[in-house]
Amino acid sequence: MISNLLKKVFGSRNDRLLKQFRGAVAKINALEPAYQNLTDAELRAKTDAFKARLEKGESLDAIMPEAFAAVREAAVRVHDMRHFDVQLIGGMALHQGKISEMRTGEGKTLMSTLPAYLNALAGNGVHIITVNDYLASRDADQMGRIFNFLGISVGCNLSQMSHDEKQVAYAADITYGTNNEFGFDYLRDNMVFHPSQRVQRKLNYAIVDEVDSILIDEARTPLIISGQADDNVAIYQMINQLPPRLTRMEHEPKIDEPPPPGDYSVDEKAHQVLLSEAGHEKVEAILTELGILAPGASLYDAANISLMHHVYAALRAHVLYHKDQHYVVQNGEVIIVDEFTGRLMQGRRWSDGLHQAVEAKEGATIQRENQTLASITFQNYFRMYKKLSGMTGTADTEAYEFQQIYGLETVIIPTNQPMIRIDNSDRVYRTADEKWKAVIEDIRDCNQRNQPVLVGTTSIEVNEFLSSLLTKEKLPHQVLNAKQHAQEAQVVVQAGLPGGITIATNMAGRGTDIVLGGSIAKELNAIHADASLSADEKTRRLDAIRAQWAPLHAKVIAAGGLHIIGTERHESRRVDNQLRGRSGRQGDPGSSRFYLSLDDPLLRIFGGERLKMIMEKLKMPEGEAIEHSMVNRSLESAQRKVEQRNFDIRKQLLEYDDVANDQRRVIYQQRNELLETDNIADGVLGMRTQVLNETINNHIHPGSMPEQWDVSGLENALAGEFLLEFPIQRWLDEDENLSEHGLRERIIESANQAYEDKVAQVGVDNMRQFERSMLLQSLDSHWREHLAAMDHLRQGIHLRGYAAKNPKQEYKREAFELFERMLDTIAREVTQVTLTVQIRSEADVEAVEPQENLANVRYQHADYEEALAADADADAEKTAQPIERLYAKVGRNDPCPCGSGKKFKHCHGKLA
């Protein structure tokens, strides 16, 4: 009550920000007449003048009104588009590192040119991040003309570009690209062997388009660069015979009730499959029959734990992952469909064996498992930018998460024209058949009245099913889903034609305006670009095209504008709002309605039983729908629950990745110092001192008496590990006053001298080059092993909860111990190699030079459940046959018991 009173008196935080921005808008508008009188050359010269003022110490905020006025005038001259006042307000919010929420069709793409130009003047680079390559290249081309007019360079960073092309793109003042490509480039830059191989500059300022999609939806899944590991893929084909022979329980088992018949239950909320006791016995019998499990063996024997992992992966592939919904099969390859955008995710794979299980199910070629080489979450990548901002039509529902995770404040920008779209209440039907009949009738009615209609579906399967229904009813329509990705923009652009029917998955085509009456932008641009036409001829042709379009536009307006039909509620309210937002742009009329049935997943999982009871009690006739604000509220409540669960998943992923991120920063910083420093001798000396001290401690305990010293053991250790033949016993015999401290110093000095003698033999340059190569190789190799160990740790850490321990605290503690052990191992390995290696020529040095070998590398945006390794059955080992241990348990750094003389980890304990 008090907060409401304060809002009435002082206005909300959003109102106060808008008031502040409007003051700056007045200044920009006051400058407009003066800028209109400038010649093109004078307007271009403003850029150099602004840069000069910044070099003298003036701030970006001080030159903002003039810079915005320059961009507005440039846009008018280049594209005949003048920024609205609300776009200036949105641009200021972006410049201040906030999120601008602007309704669809308000011109976010044009708005972004304002802060991008202003921040590019500082010369540190601006990244404009979009959701796909098409939008990145389109915006770089169209908005790039404004920047080029003002003398600012523009680059476009796309997948499949060459290394040199990427370097040129990043060197530009403003770089357009996709979120995945920027993230992967960061990881790749931290895998190079020479500074010249990097493509990115320091991360300065980013403007994220569709910020909710990138920083919320896609942030549930980390970016992973992985390389293929040796593995036996036949196991997937054998295990694939198992799921069809198992039966599903009618419902989930309940406490204090006998379990229903069946071999496994499905928890749709948690997206999990669980075997029953009877199911375990049946699985063991089938695996024994297939010859995978030894007779009388149990799935829970230590040697068979990996089989459990394969069984659950196969079950999930058959029960939870469906063709044309979660993935498509093209040319014998399983390609994931993005659940948020409906687009194909080429080259992406589910991790932890799930993708191989789906490939076995579909009879596709099974590709081998991957080993993680580098990974990062979007949260940790984008938080590295010095300044971050974003824009979208739907951010307010997630404002709390933006503030919590990224420190980004959401500013709701008013529309340029009043919003007059009519959002009708949802209609809920008892069965799916009744729902589809109602949807078809609504579409037919719109078609007959010349009202264009856009129908949103949540999967390709439903998209194609509805298309088949419309074909039967002889209603001409356009289909838009991941399979028609290339035609996406063209289909969406013409979705506003009178009587047009367009079916789209998850509103693919965001970023493209639906113009009532159809878009004529392509024809107009072609005439503008035709240099052979005179000015009068251009004007005549432009007027003719506009005259043809005007009646079509008027017809659609009279029919009520674009009508939106939602065939299902999405898990997130934002995705529903994105679909609705395609209608009612710039004050256009429009309407929307969602059609639901009790068979829909959201209603079935959350509260559909109650609605079913109400319908049965009221004895509602077939085809009758419930339409009430109470139903809308209960649906929104269900969506809020799912949103909260998804937020918890993202937060949990981030909390775990924060541990890895601290370690990643240390490793990448050390790696960069290695690449950029000519002389790393001091670092190698520090490692040598540390390792020799540890070796001495093993035989001469600090503070112990001389009688307790194991001198002969120390001599053997120095000679065996480091080829240092020191007569330590003789030193002690010759000098009775030689203390423990003095002996340490003498051993380390002698080792350093022996090393310097080796440097003198081969030359300082050769040795420095060898040291760097050796340290890089060791760092990369052990970092990969460490990432694998961290994956294993994370997969089983949740079990610590059963011992009344906090899994996250346990993970942090053990991850720190693993990291310390890795650093110690690197130091020992580098010391051992540098002291024992024999270098005879420059060719020997080049032989150990690291080679960039990125063959068979995969770029994954892994499934979030796999990323969190939430499955209790998950296990990192993926071996086809039961494992039999050949030796007693051996430490990774101990000598291999096979007698090879190598460490266990480099011999029989080597990672694939």
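**Helix packing, sheet and cores**

Modeller: In this predicted model, helix H30 (residues 740-762) packs against helix H32 (residues 807-836) at an angle of about 55 degrees, and their axes are 9 Å apart. H30 is therefore oblique to H32. On the H30 side the contact is made by Ala751, Tyr755 and Lys758, and on the H32 side by Thr834, Leu835 and Thr836. Sorted by class, the residues in this contact of H30 with H32 are three nonpolar, two polar and one charged.

Next, the sheet. Three strands form an open sheet in the order E9-E10-E11, with antiparallel pairing. Strand E9 (327-330) and strand E11 (344-345) are at the edges with a single partner strand each, so one side of each has no neighbour in the sheet. Four bridges join E9 to strand E10 (residues 333-337) in the antiparallel sense. Within this pairing, tyrosine 327 stands opposite isoleucine 336 in E10. Helix H15 (residues 354-362) packs on the sheet and touches E9 and E10. The direction of H15 makes about 125 degrees with that of E10.

Last, the cores. The largest nonpolar core has 82 residues, and Phe382 and Ile728 have the most contacts inside it. Helix H31 (residues 764-796) gives the largest share of this core, eight residues. Leaving aside neighbours within four places in sequence, phenylalanine 382 is in contact with Ile129, Asn179, Val208, Ile214, Leu215 and Leu388. Another core, of 52 residues, lies apart from the largest one, and includes Leu60, Val71, Ala93 and Val126.

Terms used
Residues are numbered from 1 along each chain as its sequence is written. This is a predicted model: local features need pLDDT of at least 70, side-chain atom pairs count only at pLDDT 80 or more; totals for chains, interfaces and linings use all residues. Side-chain values use heavy atoms; hydrogens and water are left out. Two strands pair if DSSP finds at least two bridges between them. Helices (H or I, at least four residues) and strands (E, at least two) are DSSP runs, numbered from the N terminus. Contact means heavy atoms within 4.5 Å. Axes are lines fitted to C-alpha atoms, for helices over the stretch in contact, and angles run from 0 to 180 degrees between N-to-C directions. Angles under 35 degrees count as roughly parallel, over 145 as roughly antiparallel, 65 to 115 as roughly perpendicular and the rest as oblique. Ala, Val, Leu, Ile, Met, Phe, Trp, Tyr, Cys and Pro count as nonpolar, Asp, Glu, Lys and Arg as charged, and the others, Gly among them, as polar. A nonpolar core is a set of buried Ala, Val, Leu, Ile, Met, Phe, Trp, Tyr and Cys residues joined through side-chain atoms within 4.5 Å. Buried means under 20% relative accessible area, exposed over 50%, partly exposed in between (1.4 Å probe, protein chains only).
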